[in-house]
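Please follow the paragraphs below with the sequence and the model side by side.

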Amino acid sequence: MRPEPEAALSHHTAVPRPRCAERIGLARLTRAAEAGHDLRPLWRRLIARLLDGSIEAGEGLDLSLIAQLLGDKEAGLAIQHAILSSHQLFRSPCAAKPPRLRVLALAAATDMGSNTPIEFLLESSGIELTTLYVMPDIDWPDWLPDHDVAIVIASDSEDCRGALDKIAQAMTHWPRPLLNPPQRIGNLDRDKLHGLLDGIEGLEIPTTTGASREQLTEISLSVLSPSDISVGISFPIIVRPRGSHAGKGLAKLDDAAAVESYLGAHPQESFFISRFVDYRSDDGLFRKYRIVFIDRKPYACHLAISDRWDIWYLNAAMAASSDKRSEEAAFMRTFDSGFAQRHRAALAGLSKRIGLDYFTVDCAETKQGSLLIFEADNTAIVHDMDPQDVFPYKVPQMRKVFEAFAAMLHRRSGRPCEAAA
């Protein structure tokens with residue numbers, strides 16, 4: 001039997017230590033893609049090494065990410081599966097030598113959107129990041145790299161459940177501080193979150209429930225109504241495939257005929273449904289805010305403004321409107337005295353109930369002034385990739401977020417930043 005994590009961290013074991021494979025990593029590859037660099041030449045070099053058997057483990061994991069960034073998720077996951085079957089420890093580039101702190105991230109073998117993109121938070125911090133992919137069907141490694149603090153970065157998605165369960169079994173005797181405990185991550189899926197947050201002062205979250213394809217088919221035939229699936233849900237409804245990200249498959253359906261049409265275009269077997277809330281402001285525009293919580297304190301991440309209800313930042317055309325950017329800049333500049341103060345009871349209540357050390361919330365304001373919650377999770381991207389000449393106000397704000405995250409890791413490790421520098 002393999003040793004548990006506490007024993008695996010022992011420096012006295014005679015078992016040969018597996019090498020931590022070096023990787024380019026998600027942050028650098030995503031930055032290159034966002035900057036317009038063609039990743040296909042690198043893809044071709046790495047796929048040739050994969051096919052002739054000479055590829056290193058870190059190169060293989062990078063190849064998996066490149067495939068996903070190029071839009072071939074299926075190939076990316078197949079490559080990842082092949083690599084992780086024989087190697088689970090990977091080290092990301094670090095800005096300082098020696099590192100100021102050592103962090104071990106516990107990840108699941110899933111797509112690139114279902115683990116916390118922690119590399120973006122740590123790129124310039126001088127904190128060394130090693131990632132262990134926790135495999136339900138593979139024992140813990142005989143040796144784990146020593147670290148000052150660990151953090152769970154797997155999400156509450158179906159393909160992460162096995163990893164979360166395995167981490168939960170081990171965390172009671174984990175030898176270092178461990179952040180974002182898996183039991184709390186397990187409360188974040190959409191059909192659980194509304195129950196967790198229900199009743200918080202100044203907060204509104206629509207009832208969300210899972211629905212099978214069969215149930216939606218019966219709604220399309222008017223055999224069932226949405227309220228038959230869950231009390232409080234009626235047309236218009238919001239539907240999305242279970243496990244989808246970034247608005248993929250998200251739709252507002254006004255009647256049974258719309259449900260029939262939706263099912264014709266989406267072959268999935270499992271969905272989430274909720275009631276639609278019209279959160280338009282007086283000027284007719286929709287505003288969606290992303291807030292990140294670090295050690296229970298909220299920070300502004302972005303504000304997306306659009307004439308469409310299904311907003312995410314990429315479809316809000318913020319770069320094309322100086323008025324929108326001015327409003328976002330003011331939102332960030334006045335966040336503590338404005339938005340956070342206005343919703344202090346709701347923000348404090350949801351932070352306490354969710355109870356994670358790090359997570360994000362996508363939200364809006366209702367016409368009645370309540371905080372409207374769309375989702376909370378630990379895997380939404382928090383980054384500084386927006387062009388500085390267009391979004392100069394984001395540089396100091398994101399630096400503030402990154403520094404708060406690094407400071408939390410130092411505090412929890414018991415190694416203050418000034419002592420570790």
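Ser92 lies in the loop between strand 2 (89–91) and strand 3 (101–107), where strands are DSSP runs of E with at least two residues and helices are DSSP runs of H or I with at least four residues, both numbered from the N terminus. This is a predicted model, in which local features need pLDDT of at least 70 and side-chain atom pairs count only at pLDDT 80 or more, while totals for chains, interfaces and linings use all residues. Residues are numbered from 1 along each chain as its sequence is written, and side-chain values use heavy atoms, with hydrogens and water left out.

At 5% relative accessibility, Ser92 counts as buried; the term buried means under 20% relative accessible area, exposed means over 50%, and partly exposed covers what falls in between, with a 1.4 Å probe and protein chains only. Leaving aside neighbours within four places in sequence, Ser92 is in contact with Arg23, Glu119 and Leu129, contact being defined as heavy atoms within 4.5 Å. Thr130 is 38 residues from Ser92 in sequence, yet the two C-alpha atoms are 6.3 Å apart in space.

The next topic is helix packing. Helix 3 (residues 40–52) and helix 4 (residues 57–69) pack at an angle of about 130 degrees with their axes 10 Å apart, the axes being lines fitted to C-alpha atoms, for helices over the stretch in contact, and the angles running from 0 to 180 degrees between N-to-C directions. Helix 3 and helix 4 are therefore oblique to each other, since angles under 35 degrees count as roughly parallel, over 145 as roughly antiparallel, 65 to 115 as roughly perpendicular and the rest as oblique. In this contact Leu42, Trp43, Leu46, Ile47, Arg49 and Leu50 of helix 3 meet Glu59, Leu63, Ile66 and Ala67 of helix 4. By class, the contact of helix 3 with helix 4 has 8 nonpolar, no polar and 2 charged residues, where Ala, Val, Leu, Ile, Met, Phe, Trp, Tyr, Cys and Pro count as nonpolar, Asp, Glu, Lys and Arg as charged, and the others, Gly among them, as polar.

Helix 4 also meets helix 2 (residues 26–34), their axes coming within 10 Å and crossing at roughly 35 degrees. Here Leu26, Leu29 and Thr30 in helix 2 meet Asp62, Leu65, Ile66 and Leu69 in helix 4, and the residues of this contact divide into 5 nonpolar, 1 polar and 1 charged.

Side chains of opposite charge can pair when their charged atoms come close. The structure holds 34 salt bridges, each being a side-chain nitrogen of Lys or Arg within 4 Å of a carboxyl oxygen of Asp or Glu. One of them joins the side chains of Glu204 and Arg275 at 3.0 Å, N to O. Because Glu204 lies in strand 7 (residues 203–204) and Arg275 in strand 11 (residues 270–275), the pair ties together parts that are 71 residues apart in sequence. Glu204 is partly exposed, with a relative accessible area of 22%, and Arg275 is partly exposed as well, at 28%.

Another salt bridge brings together the side chains of Asp357 and Arg412 at 2.6 Å, N to O. Asp357 lies in the loop between helix 15 (344–354) and strand 14 (358–365) and Arg412 in helix 16, so this pair ties together parts that are 55 residues apart in sequence. Asp357 counts as buried at 10% relative accessibility, whereas Arg412 counts as partly exposed at 30%.
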